[in-house]
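Thank you all for making time this morning. I would like to walk you through a few surface and side-chain features, and I will give the cut-off for each term as it comes up.

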Amino acid sequence: TFGGCIQRYSMDRVEQTSRCRLPSFIRQGLLGPLASIYPRVDFMPRPLRLKAFLTNLSMSQEQAYFRDMSFYFKPEAKKLLYTPDFAAQVDAVQAQRFITSHFIKNKNTDPVTRVQYVDIKSYLPEDILVKVDRMSMAHSLEVRAPILDHKVLEYAARLPSDLKLHGKESKYILKKMNSDRLPEDILYRRKQGFNVPLDSWLRGELKEMAHDALFSSRSGLKDYFNNGYVQNLWNKHQEKRENNGTPLWGLMMFGLWKRLVT
């Protein structure tokens, strides 16, 4: 609502500004091929992980957003992951059309405002809020998101993005409004995510369970996914050459779920 995801929205702004300045033949003809050969370097500092940035610059804003939000498997990875029979049954284009439809409805020239609109139409209700609702209800808790009250949301949507994402500061106007109500160490403390340590879990206490869910005959994953590709993800993760906790976790959950329903 007020631009709290500063890393995402800052990069959206940088990328779109760069797209507008670079001719399409450079973005698609040079940056696209360069991104395809640039190595994936999870162990390097974030500014040196240029693969995603170069890839996004070679795409439209809609395509780059869809790629960024494909948390488990990027579109190019799905082509390697799916078996031919499963790929024929899955219309991967439909998911991208769903995202594109929201971009079409909002053609705001400000990249942050446009992405926030798409987030509100897709990411929040289909991911963040539904998980909060399910887990809170599972523990008999009533959770409310007051900043998502429709009057607050409508007001925030009319504000220019500079009042939300101001330089390197997120939630700028919200913090200024509360500067005399809350202590500075609360207002300006570092953002804390909700990530769980999947990478270490799958190399440690959950390694045996994960391996069984991924590769045992009971999981049935071979009917849907390329076992060699999954094995490669697993090996690189265990050898700490890559951090593949998120995609492996998704496949693990699929394997465990399939056991329950078959």
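V143 is partly exposed, because its relative accessible area is 43%, and for this talk buried means under 20% relative accessible area, exposed means over 50%, and partly exposed is in between, with a 1.4 Å probe and protein chains only. This is a predicted model, in which local features need pLDDT of at least 70 and side-chain atom pairs count only at pLDDT 80 or more, while totals for chains, interfaces and linings use all residues. Residues are numbered from 1 along each chain as its sequence is written, and side-chain values use heavy atoms, with hydrogens and water left out.

V143 sits in the loop that runs between α8 (111-138) and α9 (150-158), where helices are DSSP runs of H or I with at least four residues, numbered from the N terminus. Together with I128, L129, V132 and L141, V143 makes up a nonpolar surface patch of about 370 Å² accessible area. Patch members have over 30% relative accessible area and no salt bridge, and nonpolar side chains (Val, Leu, Ile, Met, Phe, Trp, Tyr) are joined within 5 Å, like charges within 9 Å; the areas come from the Shrake-Rupley method with a 1.4 Å probe, and for residues only the protein chains shown count as cover.

Apart from neighbours within four places in sequence, R114 has contacts, meaning heavy atoms within 4.5 Å, with Q61, E62, F103, I104, N106, K107 and N108.

Let me turn to salt bridges, by which I mean a side-chain nitrogen of Lys or Arg within 4 Å of a carboxyl oxygen of Asp or Glu. How many does a search of the whole structure find? The search finds 11 salt bridges. One of them pairs R144 with E142, with the closest N and O atoms 3.1 Å apart; R144 is exposed at a relative accessible area of 64%, and E142 is exposed as well, at 59%.

By contrast, E15 and R19 are both buried, and their salt bridge has its closest N and O atoms 3.5 Å apart. These two residues are separated by about one helical turn, because they are 4 residues apart in helix α1 (residues 6-21).

Finally, E239 and R241 form a salt bridge at 2.7 Å, N to O, with E239 partly exposed at 48% and R241 partly exposed at 45%.
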